[in-house]
Amino acid sequence: MDERIVNLKVQFDNDLNNTENVSDLEGIRVSYLGKKGSITELLKGMKDLSNDEKKAFGQDVNIFKNEAADKIAAKMQELKEKEIEAEIKSMPYFDISIPADLSRGSYHPITLVQRQCEKIFRSMGFTVEDYSEIVTDYECFESLNIPKHHPARDMQDTYYLENGQLLKTQTSAAQNAIYLKYKDRLINEGVPIKAIFPGRCFRNEATDACHENTFFQMEGVMVDKNISISNLIFFMKTMLSEVFQKDINVRLRPGFFPFVEPGFELDISCLICGGEGCPSCKHSGWLELCPCGMIHPEVLKAGGIDPEEYTGFAFGLGLTRLAMMKYSVKDIRDLNGGSLKSLSQFTDDE
């Protein structure tokens with residue numbers, strides 16, 4: 001191997017071993033691998049070599065260059081890990097065993113609404129389930145009668161992970177798991193499936209007064225023999241009257257959702273403007289609160305339930321919008337803004 005390469009290798013290893021931070025390492029990378037770096041400069045001396053010498057010299061330089069790049073990458077990972085460890089060690093110690101000071105702080109309005117809804121539905125015989133925020137494509141779409149390349153997916157652009165999983169766009173992603181969990185009790189014991197599953201959802205969309213990329217929903221399902229739309233309307237009316245402690249004007253209008261047939265949009269009269277029209281309700285006087293409908297036969301089949309024998313309803317209650325209506329929050333973005341001034345006014349009214 002050419003003496004120039006050998007000497008540069010020794011110099012490179014010494015510089016790399018003496019590097020203690022990411023900034024200095026970046027300087028070494030530029031110094032050796034940059035357009036005017038030392039390794040690149042070696043190739044300029046090839047003009048004085050014979051053809052055979054050029055071939056051997058060029059191969060040795062390229063091998064050195066690749067080795068240097070690998071060593072720098074490994075060193076970068078090592079230094080970053082050390083920085084993280086140092087940052088962790090420098091963090092102040094918190095004694096988590098100290099009792100909380102309950103006189104300070106307050107629950108988030110969405111938490112208050114969620115707990116209230118859970119209490120109401122428990123009183124009507126529903127179980128409260130929990131489900132992951134990271135789900136598979138099958139759970140979020142295919143099990144809900146939304147196959148790949150279906151146009152309905154355009155309405156729910158979301159965030160995908162490198163492993164193919166995604167952040168759920170709707171609490172409906174839990175439906176299939178709920179049916180599989182309780183179907184044997186339904187079929188063998190005749191116990192209806194009655195469950196709600198609140199959770200956080202994510203969609204890659206522009207934000208405005210009534211849309212956020214992160215929001216909360218509460219899915220609800222009921223499956224049994226002879227379930228009809230009237231059952232759906234009863235439970236929703238009961239829930240809303242309990243939440244607002246008064247009768248609420250609602251309307252059902254046709255809506256397309258692949259996992260229900262027929263499907264509806266349940267709207268409530270905007271409580272912020274009294275139905276006169278405002279930015280929160282897009283000046284319509286109505287706020288879309290709850291997509292709902294009768295569970296599609298294909299969705300029941302995917303959950304191991306015979307749609308010829310059983311029917312059911314499903315709804316996706318918008319907890320974020322429900323909180324806006326209950327507490328007269330005009331802009332949905334205020335709920336995720338983290339402003340203590342905005343959030344400190346809420347207290348547990350249960």
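Student: Which residue stands opposite Leu266 in E8?

Tutor: That is Cys290. Do keep in mind as we go that this is a predicted model.

Student: What makes E7 and E8 a pair of strands?

Tutor: Two strands pair if there are at least two bridges between them. E7 and E8 are joined by 8 bridges and run antiparallel, so they count as a pair under that cut-off.

Student: Why are E1 and E6 said to stand at the edges?

Tutor: The open sheet has 7 strands in the order E1-E4-E5-E9-E8-E7-E6, with mixed pairing. Strand E1 (127-128) and E6 each have a single partner strand, so one side of each is left without a neighbour in the sheet.

Student: Why is E7 called largely enclosed?

Tutor: A residue is buried when its relative accessible area is under 20%. In E7, 8 of the 10 residues are buried, so the strand is largely enclosed by the rest of the structure.

Student: Which residues touch the most other members of the largest nonpolar core?

Tutor: Of its 44 residues, they are Cys117, Met239, Phe313, Phe315, Leu317 and Leu322. Several elements supply at least two residues each, including helix H5 (109-123), helix H8 (229-244) and strand E9 (311-318). The largest share, 7 residues, comes from H8.

Student: What makes Leu322 and Val113 a contact?

Tutor: Contact means heavy atoms within 4.5 Å. Leaving aside neighbours within four places in sequence, Leu322 is in contact with Val113, and also with Cys117, Met239, Leu240, Val243, Phe244, Leu289 and Leu317.

Student: Which residues that line the largest pocket are the closest to its centre?

Tutor: The pocket has a volume of about 790 Å³. Of its 38 lining residues, Arg203, His211, Glu288, Pro291 and Arg321 are the closest to the centre. E8 gives the most to this lining, with 6 residues.

Student: How do the residues of that lining divide?

Tutor: They divide into 17 nonpolar, 10 polar and 11 charged. Arg and Glu count as charged and Pro as nonpolar.

Technical notes. Residues are numbered from 1 along each chain as its sequence is written. This is a predicted model: local features need pLDDT of at least 70, side-chain atom pairs count only at pLDDT 80 or more; totals for chains, interfaces and linings use all residues. Side-chain values use heavy atoms; hydrogens and water are left out. A nonpolar core is a set of buried Ala, Val, Leu, Ile, Met, Phe, Trp, Tyr and Cys residues joined through side-chain atoms within 4.5 Å. Buried means under 20% relative accessible area, exposed over 50%, partly exposed in between (1.4 Å probe, protein chains only). Helices (H or I, at least four residues) and strands (E, at least two) are DSSP runs, numbered from the N terminus. On a 1 Å grid over the protein atoms alone, a cavity is a set of points where a 1.4 Å probe fits but cannot get out, and a pocket is an open set with protein on both sides within 12 Å along at least five of seven lines; lining residues have an atom within 4 Å of a point. Grid points are joined across faces, edges and corners, and a volume is the space filled by probe spheres set on the points.
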